[in-house]
Amino acid sequence: MKRILVISLATLVLGGCQSGPVQEATAAERSHDAADEQAASGQEVETASEQSASGRTEPEATPADFNAWLASFRREARAEGIGETTLARALDGVRYRPRVIELDRSQPEFVRPIWQYLDSAVSSTRIQQGRAKHAEHRDTARRMEERYGVPSEIIVAIWGIESNYGGNFGDFSTLEALATLAFEGRRSDFARGELMAALRIIDAGDIPPERMVGSWAGAMGHTQFIPSSFEAYAVDGDGDGRRDIWDSIPDVMASTANYLARAGWQPGQPWSVEVRLPDDFDYAQTELTTRRASREWAAQGVRVIGDESLPDFADASVIAPAGADGPAFLVGTNFRAILRYNNATSYALAVGTLADEIAGRQGIRSSWPRDEQPLTRSQVREMQQALNARGFEVGTPDGILGPNTRSGLRSYQRSIGVTPDGFATVSLLQRLQR
């Protein structure tokens with residue numbers, strides 16, 4: 001879980017739509033990826049080979065270096081109150097794992113468009129499995145819904161997207177993964193803090209070291225909590241006196257629901273509604289930072305697709321992740337609660353859509369612009385340079401499609417008489433470069 005986190009979103013991506021189980025990267029793995037919020041644009045991520053080419057290589061670690069670091073960390077943990085028995089059980093025999101660093105540095109070069117991510121995250125197989133898991137654990141899920149106010153289908157959907165309902169939450173030793181990242185990773189301070197939290201969890205008796213397993217990025221169990229999130233939000237759901245997100249589904253569901261409740265989930269409110277925007281809608285408003293009451297959006301002509309009225313949100317945002325030619329959504333507090341779990345729009349849409357499908361509600365109705373070709377990071381940088389050259393200032397070209405770039409792109413789109421939705425496409429880049 002991030003919570004850092006999101007990475008994004010969006011994403012270490014994701015097996016395509018297939019008939020068998022679909023496995024995506026976990027939330028914590030995405031949190032180490034600067035691409036989370038680039039999912040809609042298909043922005044690339046710098047690869048290890050590019051890092052090497054740019055001169056940012058580091059000397060290879062030796063076992064002696066790692067063991068010296070681990071001894072120093074052990075002294076720090078002892079000074080912070082970790083017991084000797086825990087230190088011996090948890091750290092004796094911990095190895096440096098080169099594979100963890102390889103995975104940390106070798107993020108995929110491209111991130112898929114949001115519609116391809118959703119095809120995978122909300123595949124027919126995952127929907128079917130989600131309905132089966134929801135039925136199998138119905139009493140537990142509903143008990144947690146009553147306790148925390150989070151719908152049972154949302155709890156199950158997060159479980160499905162984080163670990164494919166427990167089918168793959170990783171087999172790395174959390175202690176070895178975090179020790180390796182703390183020793184040599186790009187976020188060593190963060191990993192060190194998480195490693196200390198992992199020792200506190202073991203010291204408290206929640207889980208023995210050998211069962212503390214998860215992703216290479218340090219996320220653990222069915223719903224991929226990092227250790228600090230486990231400390232803050234994990235709950236004993238089955239009453240055995242321990243918090244176990246590896247083998248106790250009641251603990252998994254209670255912990256997930258507690259996280260979302262603490263993140264601000266509002267019982268009785270939908271996570272989102274799909275909306276139709278008027279032809280003259282100002283797409284500069286389609287940022288999560290723009291918040292208005294539902295009645296104000298209704299006054300602009302925003303309508304729910306279907307016969308319902310807009311839900312009564314006090315501070316709703318309109319998002320159009322693929323521009324004017326794709327679906328649009330009115331989102332409120334509960335969408336933002338999901339973003340607290342993983343700060344990626346693509347992730348929150350996947351959780352909400354999967355939950356709807358699990359509950360038997362209709363998913364996204366509008367079509368995505370599947371013919372659009374996503375931009376690479378270098379192409380985004382070229383677009384930024386071209387916008388600056390034409391006087392549409394977007395700041396220093398960095399290859400990231402942030403709010404400044406979207407604002408400049410909208411200004412350019414207005415100047416050429418097309419809908420100013422800020423959605424970057426190859427065709428727009430080519431036009432800019434003429």
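Which side chains meet in a salt bridge with an N to O distance of 2.4 Å? In this predicted model, they are the side chains of arginine 211 and aspartate 247.

Aspartate 247, with 56% relative accessibility, counts as exposed because its value is over 50%.

Salt bridges with shared partners connect Arg211, Asp240, Arg242, Asp244 and Asp247 in one network. In the model as a whole, the count of salt bridges comes to 24.

## The Arg243–Asp206 pair

Aspartate 206 and arginine 243 form another salt bridge, in which the closest N and O atoms are 3.1 Å apart. Arginine 243 is located in the loop between helix H12 (227-233) and helix H13 (249-262), and aspartate 206 in the loop between helix H11 (188-203) and strand E2 (213-214), so the contact ties together parts that are 37 residues apart in sequence. Both arginine 243 and aspartate 206 are buried.

## The Glu287–Arg406 pair

A salt bridge also joins the side chains of glutamate 287 and arginine 406, at 2.7 Å from N to O. These residues are 119 residues apart and link distant parts of the chain: glutamate 287 is in the loop between strand E3 (272-276) and helix H14 (294-299), while arginine 406 is in helix H18.

Glutamate 287 counts as buried because its relative accessibility of 14% is under 20%. Arginine 406, by contrast, is partly exposed, with a relative accessible area of 22%.

## Tyrosine 412 in helix H18

Helix H18 (residues 403-415) also contains tyrosine 412. Tyrosine 412 is buried, its relative accessible area being 2%. When neighbours within four places in sequence are left aside, the contacts of tyrosine 412 are Leu387, Arg390, Phe392, Leu428, Arg431 and Leu432. For one of these residues, leucine 387, the C-alpha to C-alpha distance to tyrosine 412 is 7.5 Å, with a separation of 25 residues in sequence.

## Threonine 256 in helix H13

Threonine 256 is part of helix H13. The relative accessible area of threonine 256 is 0%, and the residue is therefore classed as buried. Apart from residues up to four places away in sequence, threonine 256 touches Ile155, Ile158, Thr223, Phe225 and Tyr341.

Is strand E3 largely enclosed or largely open? Of the 5 residues of E3, 4 are buried, so the strand is largely enclosed by the rest of the structure.

Strand E3 pairs with two strands, E6 and E4. The pairing of E3 with strand E6 (residues 328-331) is antiparallel and comprises 4 bridges; within it, valine 275 stands opposite alanine 328 of E6. Strand E4 (residues 303-304) is joined to E3 by 2 bridges, and these strands likewise run antiparallel. In that pairing, arginine 276 stands opposite arginine 303 of E4.

Definitions and conventions
Residues are numbered from 1 along each chain as its sequence is written. This is a predicted model: local features need pLDDT of at least 70, side-chain atom pairs count only at pLDDT 80 or more; totals for chains, interfaces and linings use all residues. Side-chain values use heavy atoms; hydrogens and water are left out. Buried means under 20% relative accessible area, exposed over 50%, partly exposed in between (1.4 Å probe, protein chains only). Contact means heavy atoms within 4.5 Å. A salt bridge is a side-chain nitrogen of Lys or Arg within 4 Å of a carboxyl oxygen of Asp or Glu. Two strands pair if DSSP finds at least two bridges between them.
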